[in-house]
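Student: I've got a model open on my screen and I'd like to talk it through. Can you take my questions one by one?

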Amino acid sequence: IIALYNSVDELMEVFFQKILEKDIAQLSFSINNRMEEAHSFKLFTHVITHEFHHKGQILTRCRQMGHIPVDTDIMRF
């Protein structure tokens, strides 16, 4: 798992570097058979916030079912 997380960190470093270099600033994609364009960082942010949304749904459902959900924080200080 540590190796997998490290490889994701490396991939994200390349992604952010390419954004800074403007190599992948605008991306084209199709939604409902309609072509759209958005900045790559906007798409990245959408994916992350969407993940948080579903994480919250899962934790809320666990509480509703009477369970204490596991601690899902990634970092500890």
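Student: At roughly what angle do the axes of helix α1 and helix α2 cross?

Tutor: Keep in mind that this is a predicted model. Two packed helices are described by the angle between their axes and the distance between the axes. Here α1 spans residues 2-20 and α2 spans residues 40-64, and their axes come within 10 Å. The crossing angle is roughly 145°.

Student: Which residues of α2 meet α1?

Tutor: Start on the α1 side, where M12, F15, F16 and I19 make the contact. By class, the contact has six nonpolar residues, one polar and no charged ones. The partners in α2 are S40, F41 and F44.

Student: Let's stay with S40. Is it buried or exposed?

Tutor: S40 lies in helix α2. Setting aside neighbours within four places in sequence, S40 touches F15, I19, I24, A25 and L27. Its relative accessibility is 1%, and the cut-off for buried is under 20%, so S40 counts as buried.

Student: In what order do the elements run from the N terminus?

Tutor: The protein chain has two helices and two strands. Strand β1 covers 26-31 and β2 covers 34-39, with a loop between them. Reading from the N terminus, the order is α-β-β-α.

Student: How does the radius of gyration compare with what the globule rule gives, and what is its value?

Tutor: For 77 residues the globule rule gives 11 Å. The chain comes out well over that, so it is more spread out than a compact globule. For the overall extent, the C-alpha atoms fill a box of roughly 45 × 35 × 20 Å along the principal axes. The radius of gyration itself is 17 Å.

Definitions and conventions: Residues numbered from 1 in each chain as written. Predicted model: local features only at pLDDT ≥ 70, side-chain atom pairs only at ≥ 80, totals over all residues. Heavy atoms only, no water. Axes fitted to C-alpha atoms, helices over the stretch in contact; angles between N-to-C directions. Helix = DSSP H or I, 4+ residues; strand = E, 2+ residues; numbered from the N terminus. Contact = heavy atoms within 4.5 Å. Nonpolar A, V, L, I, M, F, W, Y, C, P; charged D, E, K, R; others polar. Rg over C-alpha atoms; globule rule 2.2 N^0.38 Å. Buried < 20%, exposed > 50% of the residue type's maximum accessible area, 1.4 Å probe, protein only.
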